[in-house]
Amino acid sequence: MECIIIEDEIPAQRILKNFIGKIPSLSLVDTFKAAIEANSFLNTNTVDVVFLDINLPDISGLDFIKTIKNPPAIIMTTAYPDYAVNSFELDTIVDYLVKPFSFDRFLKAINKAKERIEIPKSSNEEKVAETIFLNVDKTLHKLTLNTILYIESDRNYITVVTETQRLSYIDSLKNWTIKLPENQFIQVHKSFIINRRFIDKISGNTLFIKENKIPIGRTYKQELLKVLGV
């Protein structure tokens, strides 16, 4: 996998170069101190992975991502964990490394990027998995998985919530854990599975999605924060 570094701090650059050098499957193409320099490079070149700092001299890393056409896999590197939730709203970000990070944490991020790159996005299998049909009140409703905000369980009933509808029918949350992509949907409570793309903020043991308050179970919180890279 070819990669570049966008990082204005020399010590941080050195650490990344050292870690990259330890992984035979990674090849460092170039290093940039500013996003503007990297932008010129990415306009005429392609890479598989970008290690991107958030606090950069000219434009923030998060804003820079939004300007890239067909962005590669992004691994954020920053000293500020507060940005983690906002970072995962962008699909191209595969992981969030908080400085200082260890080599094993770095390797975990690389494995995530590798999985993202190796999944054939145009495969028929993925296209089938993007949509499902729910039988609610004898009517089949076509549902795109990416539009699901969260799924709530109440006794024998499941309510699937999107921005435009709520569909309730007899089912179990366990069945949904099998249907949903693991890297996008996370169980945060015995009664809730959420789409991490729509997380607005987390306060204590409450998670906010589009003004909906979702409780975070004690046994699920550590895994949630781990998935978010916090």
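**Two open antiparallel sheets**

In β9, Thr162 is the bridge partner of Ile148. The model is predicted. This pair belongs to the contact between β8 (residues 148–154) and β9 (residues 157–162), two strands that pair in the antiparallel sense. The briefing covers the sheet that holds these strands, then a second sheet.

**Sheet with β8 and β9**

- Strands β8 and β9 are linked over 6 bridges, and Ile148 has Thr162 of β9 as its partner.

**Sheet with β13, β14 and β15**

- A further open sheet is formed by 3 strands in the order β13-β14-β15, again with antiparallel pairing.
- The edge positions are taken by β13 (201–203) and β15 (212–215); each has a single partner strand, so one side of each is left without a neighbour in the sheet.
- Here neighbouring strands are turned by 30° against each other on average, direction ignored.
- Between β13 and β14 (residues 206–209), which run antiparallel, there are 3 bridges.
- Within this part of the sheet, Lys201 stands opposite Phe208 in β14.

How values were computed:
Residues are numbered from 1 along each chain as its sequence is written. This is a predicted model: local features need pLDDT of at least 70, side-chain atom pairs count only at pLDDT 80 or more; totals for chains, interfaces and linings use all residues. Side-chain values use heavy atoms; hydrogens and water are left out. Two strands pair if DSSP finds at least two bridges between them. Helices (H or I, at least four residues) and strands (E, at least two) are DSSP runs, numbered from the N terminus. Axes are lines fitted to C-alpha atoms, for helices over the stretch in contact, and angles run from 0 to 180 degrees between N-to-C directions.
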